[in-house]
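User: I would like a close look at a single part of this model, followed by a connected account of its surroundings.

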Amino acid sequence: MGEEKIKSKTSEKATWFWKWFLNNKVVSILLISLLVFLNLLVFPKVEYVFSPIRDFLSIIGLPVILAGVLYYLVNPLVDWMERKKIPRLLGITWIFIVIGALIVWGITTLIPIIQEQTISIIENWPIYWNNIVSQIDSWLRSDVLSEFQTRLSDFNTNIMSNVSEQADGVVNSTFASIGSVVGAVTNIVIAIITMPFILFYLLKDGKNLPYHVMKIIPSKMRVSTYQLLSEINMQISQYIRGQLMVAFFVGLMFWIGFAIIGLEYAITLGVLAGFLNLVPYLGSFLATVPAIVIALVDSPSMLIKVLIVFAIEQTIEGRVIQPQILGNNLEVHPLTIIVVLLSAGKIFGVPGVILGIPGYAVLKVIVVHFFRWYKDYTGLYDNDENPAPLPVVVVKRKSKKD
């Protein structure tokens, strides 16, 4: 009898411990989180184990990224040609011929003009800046704005000194780290050579890649993993295609607009606007800064013309190009985009500014899927009642034509 009482008490204690700790979902989640954070804490201590993988990714990463971007841009055209009964290999060959012809045209025609105009801008930039400073200085000679004159001169002196210091630092660091420069050039050369081969096989066999990837995933996780990867792929493809096409049309519009009004360096400023437009919301504004500086030196009428070109470009981009090409596929609030750009730029620099938005879109998909699993696993969200008032949704009225 005594042994039975001891066993019953032990089983009751085990049941209580199992119920409140071992079989508790919240405790399980906390334990899993603790293990994850412990792994993150230990990882820097054994980072040297993964150094070969890091070196491999540093070599192969750039060509894979470039090939992936071109794949998302070109693959819809290859699929369209295949639907038109054109063999896939033949379509890929034609696309490679067109891309090669465009590269040859750019090297022989466009790049020399851009190089010449860029050198001219760099050489004449101090003259442009001093002219602007002198004009602003003349505007500030009035009694009301005389207090700002000293600050302006100090600001100009600080800018010129900072530019010279930065230039000296870049020169010194370049000569001091000549090995890293050679390494960077080597990586770029390797990327240019290997990227076409990676792109070719992605276009040729890219459709079969999900099937082979799913064979590695455990069978019980294949459906959810495939849905997750499909949504990530859709987000990345829509962003890359849309953003590159919007950047192309923005650069083309600035090029045509600046050429029509007779602004100097129209081609270079248009190409610069296209590249900077890869940064959402901020790119177009940054692209107009050198145009405004050059227009200020030219004449007040030229400044007005540049502002008119900018206003027309913003109207066409916001009302026509972005809704038709990019749309609202990412479903990211503009304030969120600004916060992501500032944060990614602060942490990762220029690559963070360019890749911050697609990275956020991918992370958003992962978090949504994880939260969906968390709700199903914990059962804490079975009751979907919300005491807060419903949000006000503005319904667009249909026109009479509709």
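Leaving aside its neighbours within four places in sequence, which residues is Thr 288 in contact with?

Analyst: In this predicted model, Thr 288 is in contact with Phe 254 and Phe 310, once its neighbours within four places in sequence are left aside. Thr 288 has a relative accessible area of 7%, and because this falls under the 20% cut-off it counts as buried. The residue lies in helix H10, where the buried positions are Gly 283, Ser 284, Ala 287, Thr 288 itself, Pro 290, Ala 291, Val 293, Ile 294 and Ala 295.

As for the course of the helix, H10 has 16 residues, running over residues 283-298, and at 1.5 Å a residue these should span 22 Å, which agrees with the 24 Å between its end C-alpha atoms.

Turning to a helix pair elsewhere in the model, helix H8, which covers residues 222-261, packs with helix H13, residues 350-378, at an angle of about 155° and with the axes 10 Å apart. Because that angle is over 145 degrees, H8 and H13 count as roughly antiparallel to each other, and their crossing is right-handed. From H8 the contact is made by Gln 227, Leu 228, Glu 231, Ile 232, Gln 235, Ile 236 and Tyr 239, while H13 contributes Ile 354, Ile 357, Pro 358, Ala 361, Val 362, Val 365, Ile 366 and His 369.

Technical notes. Residues are numbered from 1 along each chain as its sequence is written. This is a predicted model: local features need pLDDT of at least 70, side-chain atom pairs count only at pLDDT 80 or more; totals for chains, interfaces and linings use all residues. Side-chain values use heavy atoms; hydrogens and water are left out. Helices (H or I, at least four residues) and strands (E, at least two) are DSSP runs, numbered from the N terminus. The expected span of a helix is 1.5 Å times one less than its number of residues. Buried means under 20% relative accessible area, exposed over 50%, partly exposed in between (1.4 Å probe, protein chains only). Axes are lines fitted to C-alpha atoms, for helices over the stretch in contact, and angles run from 0 to 180 degrees between N-to-C directions. Angles under 35 degrees count as roughly parallel, over 145 as roughly antiparallel, 65 to 115 as roughly perpendicular and the rest as oblique. A crossing is left-handed if the near helix is turned anticlockwise from the far one by less than a right angle, and right-handed if clockwise. Contact means heavy atoms within 4.5 Å.
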